Amino acid sequence: MTEKKVNKLPAPTWNWLKMNDAVISVPEPLEKIAPISEGGILHFSARAGESVFFENEIRAGENEEKTIIMDYTSQDADENGGEKNVESAAGFFGIKTRVVLEKGARVHLVKIQMLDGDFTRHDQTFAEISDGAEFRFTQIELGGAKNFVEMVADLDGEKSYLKSDISYYCADGQELDINFVANQRGKKSQSLMNTFGTLGSGAKKTFRGTIDFKRGCAASSGSELEETLLLSENVVNKSIPLILCGEEDVSGDHGATIGSVSDEMLFYMNSRGIKKSAAEELMARAKVMRTAALIPNGSCVEKIEKFLDEIFSKKNAEANP
């Protein structure tokens with residue numbers, strides 16, 4: 001097992017809170033996993049207890065348009081339906097994706113994470129965006145025990161464009177550590193980062209979002225928006241919006257909304273026969289599905305809905321034995 005620092009902020013600014021990076025334990029050796037390709041979708045299915053990795057590169061030529069969907073699921077360690085050995089069931093999934101967009105290219109990359117609760121995952125996405133190219137990145141985070149997610153986009157070209165949308169549901173001790181960085185070098189480049197999620201009992205989440213206006217990116221703009229719904233008092237939420245500026249003629253803004261369901265909303269729901277637990281479930285689902293709606297594949301959206309059904313069915317069963 002090797003300890004390594006990941007998800008590093010481009011400019012360390014939170015030393016006293018120890019939020020500049022994260023530490024992940026990577027098992028050795030890692031075995032390369034092969035996805036099943038089906039209609040533009042790469043399906044990954046890791047067995048519980050395995051330590052696997054995958055690296056891929058997506059290239060889009062001049063004015064080319066591509067949509068790539070990657071989904072991650074896991075299998076039970078015991079094919080005969082017996083009890084899983086807790087020690088052997090813990091798995092690791094490492095994935096690195098490089099995206100290269102030439103002039104005028106358009107790429108929509110979707111990553112959907114639906115692993116079981118025994119997995120640690122390290123997911124990296126690096127994008128190079130040329131003149132007039134557009135990179136759209138959509139990510140759904142639902143499963144796994146510990147997830148470390150990184151996206152770094154280099155907007156090198158004039159009028160290059162980035163839009164990232166990530167939604168998550170974390171509860172029951174899950175940990176999610178996110179680091180998104182937009183390096184804007186090209187003139188008139190634009191970046192938009194949207195993050196929507198819900199934290200339930202025992203969940204921990206860190207979001208680092210950096211817009212870095214490099215010298216020479218005149219007339220560029222960047223925006224960060226985060227909404228976090230807290231469903232329990234015993235959660236840990238860390239939000240680190242960061243704007244770095246080496247150019248004068250730019251526009252950057254960020255906003256974050258963090259809080260629980262208001263008494264007014266609960267009263268409204270209760271007056272219509274909706275209990276507190278059902279109201280919280282509706283709002284948690286809505287945050288995920290607003291991002292899932294961006295996925296141009298109905299079967300993938302159905303899988304997400306089914307996974308959410310399983311999560312909340314289990315939660316309701318535990319609350320009402």
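The conversation below takes up cysteines, strands and pockets in turn.

Tutor: Keep in mind that this is a predicted model, in which local features need pLDDT of at least 70 and side-chain atom pairs count only at pLDDT 80 or more, while totals for chains, interfaces and linings use all residues. Residues are numbered from 1 along each chain as its sequence is written, and side-chain values use heavy atoms, with hydrogens and water left out.

Student: Why is cysteine 217 called buried?

Tutor: Buried means under 20% relative accessible area, exposed over 50% and partly exposed in between, with a 1.4 Å probe and protein chains only. Cysteine 217 has a relative accessible area of 0%, and therefore it is buried. Cysteine 170, with 5%, is buried as well.

Student: How do you know that cysteine 217 is in no disulfide?

Tutor: A disulfide is a pair of cysteine sulfur atoms within 2.5 Å. For cysteine 217 the nearest cysteine sulfur belongs to cysteine 245 and is 7.1 Å away, and cysteine 217 is in no disulfide. The structure as a whole holds zero disulfides.

Student: What makes E1 and E2 a pair, and in which sense do they run?

Tutor: Strands (E, at least two residues) and helices (H or I, at least four) are DSSP runs numbered from the N terminus, and two strands pair if DSSP finds at least two bridges between them. Strand E1, residues 2–6, and E2 have five bridges and pair in the antiparallel sense, with valine 6 standing opposite alanine 22 in E2.

Student: Which residues of E2 are on its covered face?

Tutor: In strand E2, residues 22–26, the covered face holds Ala22, Ile24 and Val26, whereas Val23 and Ser25 are on the uncovered one. In a regular strand the side chains alternate between the two faces of the sheet.

Student: What makes a space a pocket?

Tutor: On a 1 Å grid over the protein atoms alone, a pocket is an open set of points where a 1.4 Å probe fits, with protein on both sides within 12 Å along at least five of seven lines, and lining residues have an atom within 4 Å of a point. The largest pocket is lined by 25 residues, and Phe307 and Ile311 are among those nearest its centre. Helix H4 gives the largest share of this lining, eight residues.

Student: Which element gives the largest share of the lining of the second largest pocket?

Tutor: That share, four residues, comes from E16.
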